[in-house]
Amino acid sequence: MLDFIRKSRYDASDLVTLVRLLRGPGGCPWDRAQTHQSIRRNLLEEAYEACEALDQDDPDHMKEELGDVLLQVVFHAGIEQDAGRFDLDDVCDAVCQRLIQRHPHLFYENTERADWEEVKRHLRGDQSVAQDMEGVSKALPALWQADKILSKAEKSGLYQDSAACAMEDLTQIVADLAQAGARADSIGTALFTLARLSRLSGIDPEMALSQSCKQFIGDFSQREQAAAGADCAPQPNQRQKEVTT
């Protein structure tokens with residue numbers, strides 16, 4: 001038996017203790033065997049499920065899914081603690097330090113409000129906007145990557161775009177696709193241009209595509225039901241066919 005006190009209500013410190021016990025001697029062999037890479041996908045999936053719960057505005061579902069995300073954070077920190085590199089307190093310290101540094105006007109006297117992107121770029125030591133763009137997470141969905149990169153380009157003052165320009169480029173790209181056929185690079189350019197158009201129109205490209213997926217499923221479901229209804233419809237027998245002919 002694991003030495004863990006049963007309670008009617010647990011807190012964050014209990015979660016840390018519980019994960020440590022599960023990964024420790026006499027705990028769960030599966031939990032002990034996991035690495036960052038073996039459960040990397042779990043973190044992504046739990047984050048997306050948490051976002052779905054937020055969209056539903058269901059507090060019970062949010063509580064459950066945010067808990068799953070927190071578990072992943074505690075688990076990864078536990079792996080690092082076992083390796084002797086850092087622990088959950090170091091993770092909390094790092095994020096607190098960043099929050100304070102990113103809001104100097106709130107935590108330091110005689111400090112004016114600074115540009116958020118400029119502060120982050122300074123803290124990371126980026127020397128250029130291009131380096132800042134390189135810092136956009138490659139694990140993000142590609143449409144969100146494009147949106148964040150475009151946002152940084154716009155804020156630099158070195159890049160100007162318009163919905164009319166994006167639409168004109170998209171029209172040309174589609175014409176080229178129709179003539180030359182689909183290729184990975186041309187499809188990528190089309191999607192990036194759609195991300196441009198979405199941003200300039202105040203539309204989240206990832207959410208827009210997600211909504212289209214939902215619509216497609218709904219339309220397909222109706223088609224599927226109609227097809228099933230046609231298959232189940234009574235067929236006239238041979239005598240009836242002869243009479244009608």
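I counted salt bridges to begin with: the structure holds 11. The model is a predicted one, and I read every distance below with that in mind.

**Entry: D82 and R23.** I looked up the salt bridge between D82 and R23, where the closest N and O atoms are 2.6 Å apart. This pair links distant parts of the chain. I then checked accessibility. D82 is exposed, at 55% relative accessible area. R23 counts as buried, at 13%.

**Entry: R85 and E80.** I found another salt bridge here, with N to O at 2.6 Å. R85 is exposed at 62% relative accessible area. E80 is buried at 5%.

**Entry: R183 and D185.** I noted a salt bridge with its closest N and O atoms 3.2 Å apart. R183 is partly exposed, with a relative accessible area of 43%. D185 is partly exposed as well, at 47%. I also recorded a network: salt bridges that share partners join D147, E154 and R199.

**Entry: A146.** I placed A146 in helix α9 (residues 142-156). Is A146 buried or exposed? A146 counts as buried because its relative accessible area is 6%, and the cut-off for buried is under 20%. Leaving aside neighbours within four places in sequence, I found A146 in contact with F192 and A195. I also checked A146 against R199: they are 53 residues apart in sequence and 9.5 Å apart in space, C-alpha to C-alpha.

**Entry: E46.** I located E46 in helix α3 (residues 40-56). E46 is buried yet has no salt bridge. Which side chain of opposite charge is nearest to E46? I found R41, 10 Å away. Not counting residues up to four places away in sequence, E46 touches E65, D68, V69 and Q72.

**Entry: nonpolar core.** I looked for the largest nonpolar core and got 5 residues: V19, I39, V74, F75 and I79. Helix α4 (residues 59-83) gives the largest share, 3 residues. Apart from its neighbours within four places in sequence, V74 contacts L15, V16, V19 and L88.

**Entry: helix α5.** I checked the span of α5 (residues 88-102). Its 15 residues reach 21 Å from first C-alpha to last, close to the 21 Å expected at 1.5 Å a residue. What caps the N-terminal end of α5? I found D87 there, with a side-chain oxygen 3.1 Å from the backbone nitrogen of D89.

Methods. Residues numbered from 1 in each chain as written. Predicted model: local features only at pLDDT ≥ 70, side-chain atom pairs only at ≥ 80, totals over all residues. Heavy atoms only, no water. Core = buried A, V, L, I, M, F, W, Y, C linked by side-chain atoms within 4.5 Å. Buried < 20%, exposed > 50% of the residue type's maximum accessible area, 1.4 Å probe, protein only. Helix = DSSP H or I, 4+ residues; strand = E, 2+ residues; numbered from the N terminus. Contact = heavy atoms within 4.5 Å. Expected span 1.5 Å × (residues − 1). Polar contact = N/O pair within 3.5 Å; in protein donor to acceptor, adjacent residues only side chain to side chain. Lys, Arg positive; Asp, Glu negative; His and termini not counted. Salt bridge = Lys/Arg side-chain N within 4 Å of Asp/Glu carboxyl O.
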